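Please read them with the model open beside you.

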Amino acid sequence: MKLIDLPKEDLETMSYDDVAYLILEKKQSKMKIQELFKEVINVMGLDSDIFEEHLADFFGLLSTDKRFIMVDKGYWDLKINHSTKIVIDDDEDEDVIEETEEEAEEENKEEINYDEDIIDDDETEDDLKDLVILDDSEESDLA
């Protein structure tokens, strides 16, 4: 009995990765890429010479197809058979130290930074005391 019961006409129109998907779905276990490709060739009824010629292409197909995942040591499986683990680290919440109102006020006072290099507005006015403004009529008199 064949692993995949599809008419030969349907198999001829399918790509290697589609057949590999059906094989892994049917077997429900991971497979090495060489074994999987040999099974694909067998199911599709292709010549065994294709194995060596197209193994690298098959690897490229599986690598770019989001339905497949390489698990460990060269084994491939369907991505839907593997869940993604998300780890959330809550260590920050444990390190919260409560402080009194006085400590908070003291901290706020320390955070205020006064820039000592700020020029007072009064000083800039003194720099402009010798400035003379001429209007158009006075300018022609000077020339």
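1. Contact here means heavy atoms within 4.5 Å, and helices (H or I, at least four residues) and strands (E, at least two) are DSSP runs, numbered from the N terminus. The model is predicted, with local features needing pLDDT of at least 70 and side-chain atom pairs counting only at pLDDT 80 or more, while totals for chains, interfaces and linings use all residues. Residues are numbered from 1 along each chain as its sequence is written, and side-chain values use heavy atoms, with hydrogens and water left out.

2. In helix H4 (residues 49-64), Ile 50, Phe 51, Phe 58 and Leu 62 are buried, that is, under 20% relative accessible area with a 1.4 Å probe and protein chains only, where exposed is over 50% and partly exposed lies in between. The cover over these buried residues includes helix H2 (16-27), helix H3 (33-44), strand E2 (68-70) and strand E3 (75-78).

3. How do H2 and H4 cross? Their axes, which are lines fitted to C-alpha atoms over the stretch in contact, with angles from 0 to 180 degrees between N-to-C directions, come within 10 Å and cross at roughly 80 degrees. H2 is therefore roughly perpendicular to H4, a label for angles of 65 to 115 degrees. Tyr 16, Asp 17 and Ala 20 of H2 make the contact with Ile 50, His 54, Phe 58, Leu 61 and Leu 62 of H4.

4. Arg 67 lies in the loop between H4 and E2, and it counts as partly exposed because its relative accessibility is 30%. Leaving aside residues up to four places away in sequence, Arg 67 touches Asp 17, Asp 18, Tyr 21, Asp 77, Leu 78 and Lys 79.

Definitions and conventions:
Parallel < 35°, antiparallel > 145°, perpendicular 65-115°, else oblique.
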